[in-house]
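Here is a short note for someone opening this structure for the first time. Please have the sequence and the model side by side as you read.

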Amino acid sequence: MKAVWMGIVGASALLLVGTVQASPDLAKSSGCMNCHTVDKKMVGPGFKDVAAKYKGDSGAAASLAGKVKNGTKGAWGPIPMPPNANVSDENIKTLVTWILSLK
């Protein structure tokens with residue numbers, strides 16, 4: 001039984017690491033990196049700044065997913081973020097989870 005649990009834990013860790021490593025590529029292929037970088041403001045805020053702003057907010061993932069999907073105005077200044085209807089909900093969830101994990 002212990003071997004089964006160790007296998008489950010190991011597989012879960014691999015999936016998590018794979019998701020985190022894939023997210024920068026997913027951010028690029030989804031068009032996020034056209035306006036954002038990981039650690040500094042470009043057109044939009046750096047992803048680390050987003051993570052810091054929402055640190056400790058239990059509703060952050062759902063809120064950010066909605067902003068990514070539908071766009072937003074005024075959250076980080078006068079330039080609006082356009083909607084990203086072409087990005088799947090699953091990919092948005094992966095991206096938001098990755099962004100919120102940044103320090």
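1. A nonpolar core is a set of buried Ala, Val, Leu, Ile, Met, Phe, Trp, Tyr and Cys residues whose side-chain atoms join them within 4.5 Å. Keep in mind that this is a predicted model. Its largest nonpolar core holds 17 residues. Within that core, F47, L95 and W98 touch the most other members.

2. Which elements give two or more residues to this core? They are α1 (2-29), α2 (47-54), α3 (60-70) and α4 (89-101). The biggest share comes from α4, which gives five residues. As background, nonpolar side chains tend to be buried together in soluble globular proteins.

3. Now the cysteines. Searching the whole structure turns up zero disulfides. A disulfide needs the sulfur atoms within 2.5 Å. C35 is likewise in no disulfide, and its nearest cysteine sulfur is that of C32.

4. Are these two cysteines buried or exposed? C32 counts as buried because its relative accessibility is 17%. C35 counts as partly exposed because its value is 32%.

5. Look next at A61, in helix α3. A61 counts as partly exposed, because its relative accessibility is 37%. Setting aside neighbours within four places in sequence, A61 is in contact with V96 and L100. A61 and I92 are 31 residues apart along the chain, with 9.7 Å between their C-alpha atoms.

Note on methods
Residues numbered from 1 in each chain as written. Predicted model: local features only at pLDDT ≥ 70, side-chain atom pairs only at ≥ 80, totals over all residues. Heavy atoms only, no water. Buried < 20%, exposed > 50% of the residue type's maximum accessible area, 1.4 Å probe, protein only. Helix = DSSP H or I, 4+ residues; strand = E, 2+ residues; numbered from the N terminus. Contact = heavy atoms within 4.5 Å.
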